[in-house]
Amino acid sequence: MRAALIESPGSPAVSGERPEPTRGEGEVLVAVSAAPIVPLDRLCASGTSYFGVPPTPYVPGVQGVGLVLDGSADLPKGTPVWFATSAGMQPGDGSMRAVAAVPVHDVVALPPGADPVLVAALGLSAVAAWMALTLRGGLTAGERVLVLGAGGVVGQAAIQLARSAGAGRIVAAARGERSGDRALALGADVAVSLGGTASDDVPDVAELADRLRVDGPVDLVVDPLFGVPAAAALRVLRPHGRLVNLGGSAAETSPIDSSTLRSRSLRLLGYTNNDLTPEQRAGALTHVVDEVLAGRLTAAHEPVPLVDVTGVWNHAGDRIVLIP
Ligand SMILES: NC(=O)c1ccc[n+]([C@@H]2O[C@H](COP(=O)([O-])OP(=O)(O)OC[C@H]3O[C@@H](n4cnc5c(N)ncnc54)[C@H](OP(=O)(O)O)[C@@H]3O)[C@@H](O)[C@H]2O)c1
């Protein structure tokens with residue numbers, strides 16, 4: 001069957017063949033209809049992640065959407081499902097193939113009517129945005145939220161999920177005018193440039209903090225970037241405010257100063273989806289899909305045939321969703 005393959009760490013995925021899996025004890029077989037390429041897939045395949053160098057060849061893809069091909073009484077044939085895998089983090093194959101064998105506890109049944117490609121595009125990025133806002137960030141109605149990296153899927157989802165959860169003002173910070181305009185269209189009150197485009201140099205921490213303060217202090221920062229943006233965002237938090245870091249898209253380290261942290265008793269928190277129980281993850285994914293069905297949640301994405309995986313593996317724009 002058709003599959004994307006990582007043949008050696010650090011190389012882009014290629015289109016190839018893999019034997020069709022058989023269903024093991026406690027597993028279901030899923031006919032995959034959509035599998036996104038996310039930063040975690042690329043990071044794991046690079047061999048530089050904190051999970052170590054993955055054994056190759058393997059099929060990448062930490063999540064997908066499809067229809068049950070061979071299931072159980074609870075998950076009969078034809079059920080639409082979202083599923084997670086540990087591809088690249090542990091030995092084994094992931095979602096970027098025609099058929100996947102998945103442990104039952106990693107499968108979430110989807111309600112009818114949800115667009116499988118959009119659900120795949122949002123997937124774990126939206127789960128992380130929702131849990132960073134709520135479980136980790138403790139968002140309460142009326143609070144002011146600053147979303148960094150608002151051009152990415154985590155950022156797009158965080159804006160919309162914060163809005164529907166009753167956030168007060170939402171400030172969105174992104175690189176590039178297009179991402180800023182989209183953030184406003186998705187429900188942000190203010191869009192701020194992070195710099196880094198041809199017309200706008202990368203600001204230092206103090207300059208970026210001034211930009212982010214345009215709307216006054218905030219209660220909660222959702223931070224998929226770290227680096228200078230995180231250090232600047234901390235300066236915009238009100239006393240006892242929280243910053244939840246869930247990624248390092250801008251940098252692995254950040255020039256955070258002690259006086260900013262201690263002078264206002266700020267809380268700097270880390271978040272990973274890998275810490276969720278299967279039940280928590282299923283609950284968050286179900287909330288995400290409910291929001292999609294209610295017309296309150298979307299993300300820019302582009303479907304691409306799986307055979308073309310190599311050309312889009314390192315694509316930096318809208319979320320790519322592979323169609324096997
Ligand atoms: N902890 C978790 O469980 C978890 C779950 C999901 C994702 N994440 C992490 O969260 C991050 C974002 O994920 P995503 O799904 O939103 O990915 P994505 O859709 O690919 O977005 C990446 C974002 O990073 C921005 N970016 C990249 N380099 C930057 C830089 N030097 N300065 C400022 N912004 C920069 C991009 O801005 P442009 O749009 O301007 O290019 C884009 O907004 C990734 O690091 C990912 O690994 C963590």
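Mentor: The largest nonpolar core has 88 residues, of which Trp82, Met96, Leu122, Ile159 and Leu322 touch the most other members. A nonpolar core here is a set of buried Ala, Val, Leu, Ile, Met, Phe, Trp, Tyr and Cys residues joined through side-chain atoms within 4.5 Å, and buried means under 20% relative accessible area with a 1.4 Å probe, protein chains only. Helix H2 (residues 116-136) gives the most to this core, namely 15 residues; helices are DSSP runs of H or I with at least four residues, and strands are runs of E with at least two, numbered from the N terminus. Apart from this core lies another, of 24 residues, including Val192, Val221, Phe226 and Ala231.

The model is predicted: local features need pLDDT of at least 70 and side-chain atom pairs count only at pLDDT 80 or more, while totals for chains, interfaces and linings use all residues. Residues are numbered from 1 along each chain as its sequence is written, and side-chain values use heavy atoms, with hydrogens and water left out.

Leaving aside residues up to four places away in sequence, Ile159 touches Val147, Ala150, Ile170, Ala172, Ala183, Leu186, Gly187 and Ala188, a contact being heavy atoms within 4.5 Å. Across the protein, 68% of contacts between residues at least 6 apart in sequence join residues at least 24 apart.

As for the whole, the protein comprises nine helices and 15 strands, and 52% of its 324 residues count as buried. Its C-alpha atoms fill a box of roughly 55 × 40 × 30 Å along the principal axes.

Methods: Buried < 20%, exposed > 50% of the residue type's maximum accessible area, 1.4 Å probe, protein only.
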